[in-house]
Amino acid sequence: MRPKMEIAVLGGGNGSIAAAADLTLNGHIVKYWRRDQKKIKELKAANNIIHLKDFNGVKEVKIPTVTSDIAKVIKGVDLIVCPIPATGQSDLAKIVVPFLENNQVVLLPPGSFGSWLFAKTQHHIKTNINVCYAESGTLPYLARLNGPNTIAITTRATRLPTGVFPQKNKDRALSIIKKAYPSVEDCGDILSAALMNAGPIIHPPLIIMNAGPIEHFDYWDIHNEGTQPAIRNVTTALDNERIKIRETLGYTSHHFPLADHYDNSREEWMYGNVAHEKLIDSGDWREKLILKEHRYMREDIEIGLALMVSIAKWANVLTPVAEGLLNLGSSVCEINFSEKGRSLKNLNIENYSISQLKEILDNGFK
């Protein structure tokens with residue numbers, strides 16, 4: 001039986017609601033926070049109950065603490081789980097960091113290097129505490145809301161590659177995270193983890209190459225009708241560029257190639273075998289998509305893919321597929337994602353050498 005902890009879960013999206021319900025179901029003492037006070041009132045009116053639907057059926061899960069008071073959820077917890085979109089990480093860091101306590105661990109699943117934003121925020125405003133930040137290669141769940149307080153979990157991550165900042169404290173951080181998510185695997189520092197993020201690889205080809213059907217049809221299952229052989233070929237080429245960046249920066253395998261996700265005869269991927277089939281069979285991804293606003297565009301291209309391209313340029317790696325998709329996304333949204341999105345330049349990192357950055361990633365800010 002897993003050791004139980006006090007855990008704060010932050011955010012109001014699919015991943016956050018799934019985490020709040022699933023971690024409570026596993027016996028942890030969960031404090032759930034979201035800034036939307038109306039939604040908090042609605043959940044409290046439902047007696048803090050979230051309905052969790054998975055292959056075992058539907059269970060009523062009562063969350064111990066539900067609040068929009070950030071100080072209340074952070075106080076005394078061991079682990080803070082932030083499965084929010086990367087678009088909200090900068091704002092959330094400013095909200096959370098002032099209330100952090102010594103020896104806490106903050107997990108962003110996945111991160112797109114968002115853990116750097118949290119650590120940098122702490123470095124600027126609260127340097128007298130020892131906090132670890134971590135990010136993983138994907139969400140711990142494939143999940144979708146089936147109603148105001150019903151979350152459907154199609155599958156759970158069976159392998160969750162996770163990086164820690166600073167690396168020197170990884171053993172302590174990973175031991176705490178594993179109490180919540182036993183599938184966590186050490187993948188090195190947080191730059192390695194950022195380059196393990198599956199979203200900026202799977203989703204840009206899907207959202208760009210399905211732009212016509214998305215704008216035409218009221219509902220579209222992007223993982224079923226949208227995942228055709230031609231699109232898979234582009235995904236594979238994009239993933240090969242990601243792996244080339246990792247190798248150039250000295251990160252060794254396992255790189256979790258996306259081909260493993262689609263081919264059950266290959267090595268087990270992050271969500272285990274037959275995960276893609278489960279996702280399609282669930283029908284939960286047949287939904288109305290707003291092309292320019294969808295998180296596959298504004299999170300996975302504007303933030304995740306922009307970051308990957310900027311890292312590639314910094315490391316002198318050619319990434320024509322990634323750059324092409326980034327430019328197409330910019331054209332669709334009429335925004336220059338290279339300039340406005342997440343990049344080493346916008347993070348004030350581009351002038352570091354690789355060795356200088358890795359020194360900070362290993363030992364923290366001085």
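**Notes on a predicted model**

1. Pro166 sits in the loop that runs between strand S11 (160–165) and helix H6 (170–180), where helices (H or I, at least four residues) and strands (E, at least two) are DSSP runs numbered from the N terminus. A cis peptide bond, with omega about -10°, joins Phe165 and Pro166.

2. Please keep in mind that this is a predicted model, in which local features need pLDDT of at least 70 and side-chain atom pairs count only at pLDDT 80 or more, while totals for chains, interfaces and linings use all residues. Residues are numbered from 1 along each chain as its sequence is written, and side-chain values use heavy atoms, with hydrogens and water left out.

3. The loop between strand S7 (105–108) and H5 contains Pro110, and a cis peptide bond with omega about -15° joins Pro109 and Pro110. Ser112 lies in the loop between S7 and H5 as well, and has a positive phi of about 50° although it is not a glycine. As background, most residues other than glycine have a negative phi, and most peptide bonds are trans.

4. Asn48, in the loop between helix H2 (37–45) and strand S3 (49–54), also has a positive phi, near 65°. Asn48 counts as buried because its relative accessibility is 13%, given that buried means under 20% relative accessible area, exposed over 50%, and partly exposed in between (1.4 Å probe, protein chains only). Ser112 is buried too, with a relative accessible area of 4%.

5. Asp22 belongs to helix H1 (residues 14–25) and, at 5% relative accessibility, counts as buried. Neighbours within four places in sequence aside, Asp22 is in contact with Leu52, Tyr141, Ile153 and Arg156, contact being defined as heavy atoms within 4.5 Å.

6. The largest nonpolar core has 120 residues, of which Leu10, Leu23, Leu79, Leu100, Phe113 and Tyr181 touch the most other members. Helix H14 (residues 300–314) gives the largest share of this core, 9 residues. Such a core is a set of buried Ala, Val, Leu, Ile, Met, Phe, Trp, Tyr and Cys residues joined through side-chain atoms within 4.5 Å. Again leaving out neighbours within four places in sequence, Tyr181 is in contact with Ala19, Leu23, Val81, Leu107, Pro140, Tyr141 and Leu160.
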